[in-house]
Amino acid sequence: MTFRTFCLGALICAISAPHLRTASAPTSLDILRSVSENYQNLHGFEFVGHLTTTIPGTKLQMRFGTANAQAGSQFVPAGSTVRKHGEIFMFRGGEQITDAYGTPSKLINNGFISVSMPHHLGNYEHIDMGIKYAKELAPEVMKIEGSPVKCLVLDVLYDRTGWQPEERSVKYWIDANRLIVVQHELVTLQDGDDTSIVWKWIYKVDSVKLNQAPPQWLIDSELSRDSAGRALPEWVGKDAPMFTLPDLDGHRIDLATMRGKVVLLDFWATWCGPCIAEIPVIAKLAEDYRGRDLEIWGISDEKSDHVSEWMERQQQKLQTVIDRSGQASNQYHVQGIPSLVVIDREGKIVSYYLGNQSEQALRAAIDLALEK
């Protein structure tokens with residue numbers, strides 16, 4: 001199973017469809033607020049489904065398996081360093097590319113296409129944020145796990161910072177009894193060689209588990225933030241490659257100007273579950289080492305407005321520079337993310353880890369660099 005990448009609870013809101021159709025029928029915004037509240041009150045969930053798209057300019061279909069899960073603190077064993085199993089949306093099973101008749105396409109599967117996964121899936125507890133317009137359409141019935149499910153269907157236009165105009169119009173199918181999103185149509189705008197390309201996606205839930213113990217893959221992912229990643233000792237003692245990249249406000253950040261300070265670089269992305277799990281650790285280090293000559297910078301190859309919007313929506317903080325061309329990733333030979341690099345005051349690499357690293361190990365590397 002792979003995270004969002006391609007190419008390399010006991011209480012449910014008791015609001016049902018009949019209740020929604022009382023004398024004072026709720027508006028579309030009321031429905032979305034109820035969905036948001038429901039997700040916030042769930043003690044845990046696991047949605048297994050699939051994501052499909054038609055490759056622009058072709059009739060070829062691309063399909064990915066998906067899994068989306070979260071579990072609250074009541075499912076965390078006593079004494080665990082994990083406080084809760086935070087939401088992770090992941091893609092697994094590899095891509096399947098077929099023609100309109102279901103026949104696999106060898107040409108495309110041989111590597112002539114690449115695409116980034118949609119960023120606006122999951123996190124439905126925020127479904128009611130930044131809405132400009134919402135309209136309820138005729139209800140529909142979908143089959144989930146072989147049973148008919150009555151769905152409320154809504155067209156929604158968002159006005160969210162970081163979303164391109166083409167990406168702001170979405171369509172939701174909402175289980176009228178359980179108030180969960182079971183289908184989601186959306187668009188992403190992705191960079192092509194000379195222009196931006198519109199990709200249309202349909203995400204559909206195939207199975208639902210609510211308020212149950214978390215799946216093992218979610219536990220393993222969450223716990224991975226406290227397990228050592230793979231060290232790359234061949235980098236230790238080498239001069240750190242220098243780069244100049246824009247931050248989220250467009251200001252040029254030059255690594256060379258940080259000579260005399262210790263620097264922690266975190267190569268990450270908003271779609272990367274392990275990266276997201278690492279951010280609270282990085283944030284704690286930033287707070288604890290404030291005023292002690294430590295600079296912490298994330299490095300993402302995503303668009304700055306998307307990263308800024310994600311930070312605001314997820315209430316996360318990580319100083320980040322944007323590496324759209326892959327300059328820094330190439331210089332540091334990044335094999336996967338997260339990748340964490342500690343650089344001493346003289347610009348020498350003290351540690352380089354591929355994958356999550358524990359707070360204790362990062363502190364040890366930072367302290368060693370500060371003492372030099």
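Mentor: What follows is a close look at one helix and a neighbouring strand, and after that at the cavities and a hairpin.

Since this is a predicted model, please read every value below as computed from it. Let us begin with helix α6, which covers residues 304-314. Among its residues, His306, Val307, Glu309, Trp310, Met311 and Arg313 are buried. As for the spacing of such positions, an α-helix has 3.6 residues a turn, so residues three or four places apart point the same way. The buried residues of α6 pack against helix α5 (273-288) and against the strands β13 (294-300) and β14 (320-322). After the helix comes Gln315, and this residue has a positive phi, near 55°.

Beyond its neighbours within four places in sequence, Val321 is in contact with Phe243, Leu245, Pro246, Asp247, Ile253, Trp297, Gly298, Ile299 and Ser300. A separate comparison can be made with Glu302, which is 19 residues away from Val321 along the chain, while the C-alpha atoms of the two are 9.7 Å apart.

Helix α6 also leads us to the largest cavity, for Arg313, which is buried in that helix, is one of the residues nearest the centre of this cavity, together with His120, Gly122, Asn123 and Arg160. The lining has 14 residues, and these divide into 6 nonpolar, 6 polar and 2 charged, around a space of about 90 Å³. The second largest cavity, with a volume of about 60 Å³, has a lining that includes Met242, Leu255, Arg259, Lys261, Ile343 and Asp344. In this second lining there are 6 nonpolar residues, 1 polar and 4 charged.

Finally, consider the hairpin formed by β1 and β2, where 6 residues lie between the two strands and Gly57 in the turn has a positive phi of about 80°. The strands, β1 at residues 44-54 and β2, run antiparallel and are joined by 11 bridges, with Glu46 standing opposite Ala69 of β2. Strand β2, residues 61-71, is mostly covered, as 8 of its 11 residues are buried.

Methods
Residues are numbered from 1 along each chain as its sequence is written. This is a predicted model: local features need pLDDT of at least 70, side-chain atom pairs count only at pLDDT 80 or more; totals for chains, interfaces and linings use all residues. Side-chain values use heavy atoms; hydrogens and water are left out. On a 1 Å grid over the protein atoms alone, a cavity is a set of points where a 1.4 Å probe fits but cannot get out, and a pocket is an open set with protein on both sides within 12 Å along at least five of seven lines; lining residues have an atom within 4 Å of a point. Grid points are joined across faces, edges and corners, and a volume is the space filled by probe spheres set on the points. Ala, Val, Leu, Ile, Met, Phe, Trp, Tyr, Cys and Pro count as nonpolar, Asp, Glu, Lys and Arg as charged, and the others, Gly among them, as polar. Buried means under 20% relative accessible area, exposed over 50%, partly exposed in between (1.4 Å probe, protein chains only). Helices (H or I, at least four residues) and strands (E, at least two) are DSSP runs, numbered from the N terminus. Two strands pair if DSSP finds at least two bridges between them. Contact means heavy atoms within 4.5 Å.
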